[in-house]
Amino acid sequence: MYIRKRKSKWQVMVRHGGQRLSKSFVDRSSCVAWAHDMKKQLTRLSKYQSIEASLNTKLKDLIVRYQKEFSALKIDGKTEIARWNKLIRDYRWLVNLTLAELRTSDFSKFKEERVRDGNIAFNTDLTLLRHLFKKAINTWGYEIQNPTLPIEKAKRNPYGRHRHLKRSEYKLLLSGPTKYMVYFLLGRNTGLRPYSELINITWNDVDDINMVIYIRRSKTNISRKVPLTKFLLKQLLKLKNDNSLRVFDFKKYGVESYFKRFKKKHGIENLQIYDCTRRQFCFDVVQRGFSVDKISRITGHKWQTAHNMIELYSGVSSLRQLGEY
């Protein structure tokens, strides 16, 4: 335990078993109390999760241990744990391999599959996996080589991704259960962010007099008003339930699970929920000639992002990448 005073605050640091945690408080006594609690918790987790450093250990077992000993103690731990759980759920062929079986070629195959969800998604997972193997080698004592080191991160496209939503695919989405039909219809025609905005709309946010939806908390912490048509409002009111404050009775995993089944049923590949909602809306407003300022105001994007969006959806970025613009 190490405590020091910095300006008007006290900072405490706790080290145990290769882990290091720190936090700031207004007084020294709070530092001491927090440090003792953290040390007990780390010791308990270490004893509970103590396993033999055997090469027969599965990657899944390492992930579960990492979740409890490291992810659970981070500020954004819930998000990281959810990402680990998705990896376990969607890539069973990988996580069920033992350390003796794992090869760099397995992570090359993982890259080929994961980049379909976006380069950023893969890069984030790769960073987590590298850190997992680093802990396994340096902290838990596994005598292995890190199989993820030779894997290169996917290159980021400054203009983002665009996969055009086909008319036939859109019709299939609108033929599904009412709640999912309204979800994709509203996302496609308003450009709301599928998870942080659209899925969290409450009936208090829907103004049926002024025909707008109020987005009070967005990704950029800037509130805005999104216009509604009479048709959209009529479809939205089909979900009206006096016992529920939220418009949609499902959360992120619910719509992801439905969308995964939908794609498998209809044999659709390389399509994301964002492609069916926000990205398609942005493509439409660019094609209609909206200005950068108007696009930024409607979508909640920053000015530079809106500018890049116009270049992407108008075809300028393709010409620029080919050196013809």
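The crossing of helices α5 and α6 is right-handed, a term used when the near helix is turned clockwise from the far one by less than a right angle. The model is predicted, with pLDDT of at least 70 needed for local features and 80 or more for side-chain atom pairs, while totals for chains, interfaces and linings use all residues. Residues are numbered from 1 along each chain as its sequence is written, and side-chain values use heavy atoms, without hydrogens and water.

Helices are DSSP runs of H or I with at least four residues, strands are runs of E with at least two, and both are numbered from the N terminus. Axes are lines fitted to C-alpha atoms over the stretch in contact, with angles from 0 to 180 degrees between N-to-C directions.

| Helix pair | Angle | Axis distance |
|---|---|---|
| α5 (residues 104–114) and α6 (residues 119–138) | roughly 150 degrees | within 9 Å |
| α8 (residues 178–190) and α10 (residues 252–266) | about 95 degrees | 12 Å |

The α5 and α6 angle makes the two helices roughly antiparallel (over 145 degrees). Contact means heavy atoms within 4.5 Å. In α5, Phe107, Phe110, Lys111 and Arg114 meet Ala121, Phe122, Asp125, Leu129 and Phe133 of α6.

Helices α8 and α10 are therefore roughly perpendicular (65 to 115 degrees). Tyr180, Tyr183 and Phe184 of α8 make the contact with Gly254, Val255, Tyr258 and Phe259 of α10.

Methods
Angles under 35 degrees count as roughly parallel, over 145 as roughly antiparallel, 65 to 115 as roughly perpendicular and the rest as oblique.
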